[in-house]
Amino acid sequence: MRWYHLLYIESKAMFTFLWVILIVAHHALLVTPVSSQDKNIFLLAGQSNMAGNGGVINGAWNGIVPPESGPNPSVLRLAANLTWVPAAEPLHKDIGGVNAAIGVGPGMSFANSVLARDPSLGVVGLVPCANGGTKISQWGQGSFLYDQLVSRARAAVGGGGGKIQAMLWYQGESDAVLLEDAELYKGRLQKFFQDLRLDLQSPSLLIIQVALASESAGPYTEKVREAQLGLGLANVKCVDAKGLQLQPDNLHLSTPSEVQLGKMLAGSFLQNRPNPLTNN
């Protein structure tokens, strides 16, 4: 009976040991920081309506964040210091220097809408890169804005941080003022998208651009819109913001419009995303 008793004790000890290991492993999974998990990454680039100007009156933000744009534990943003932090409006608060946006943009609404419609996406990583008042010529390969966009995109995926699933792009108001800029807009935009895909080694990267909402951005707004709506590049989709409510300046989107735009961008992504998700 002695050998049976010893076997029983050893078996019980082994069972207890394995049970402790399982508990520790389960706890480790529960406490794994969201920031260290693989992310579905989205680049946010363009001008102030992408950066976020919702709720900004006379240079001051009213601080109102609609529920659709509220924080979400599964949504992160890449801060200016290239670390992942919990995402919250305003997303571009430390991006853009003197032109840093201080209001609500479409980014949080986009992320929350995507996750609400497809929770299997897991963690969403937003990479703010927009800068207000900029022309497409300022985003050309080799420019400060272009290099910043590429470097932040690379930092976002560095160390196995995840995959870039799409770039959300809203720009063009500044190119609607002068005829020369408007006439050159289509070619410059095409080259920008092509160069970016090449430098990110993602030749079929999904790009969702926004056609201008404001009819008074400049005398050549329609020429810019025509270029945006008829760009003709593969896997570049266009969401038309025309008709969305504008602020009194007739240039920037209101907070409800930024929220609606985010939902429109989410719908376009879910309809056009690669299956399975990839960044190639």
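Q: Where is the place of Ser254?
A: Ser254 lies in the loop between strand E9 (236–240) and H7. Helices (H or I, at least four residues) and strands (E, at least two) are DSSP runs, numbered from the N terminus. This is a predicted model, in which local features need pLDDT of at least 70 and side-chain atom pairs count only at pLDDT 80 or more, while totals for chains, interfaces and linings use all residues. Residues are numbered from 1 along each chain as its sequence is written, and side-chain values use heavy atoms, with hydrogens and water left out.

Q: Is Ser254 buried or exposed?
A: Buried means under 20% relative accessible area, exposed over 50%, partly exposed in between (1.4 Å probe, protein chains only). Ser254 has 8% relative accessibility and therefore counts as buried. Pro256, in helix H7, is exposed at 53%.

Q: Which side chain does a polar contact join to that of Ser254?
A: A polar contact is a pair of N or O atoms within 3.5 Å; within protein, one must be able to donate a hydrogen and the other to accept it, and residues adjacent in sequence count only if both atoms are side-chain atoms. Here the partner is Gln245, at 2.9 Å.

Q: How do H3 and H7 pack?
A: Two packed helices are described by the angle between their axes and the distance between the axes. For H3 (residues 107–117) and H7 (residues 255–272), the angle is about 45° and the axes are 7 Å apart. H3 and H7 are therefore oblique to each other (under 35 degrees is roughly parallel, over 145 roughly antiparallel, 65 to 115 roughly perpendicular, the rest oblique).

Methods
Axes are lines fitted to C-alpha atoms, for helices over the stretch in contact, and angles run from 0 to 180 degrees between N-to-C directions.
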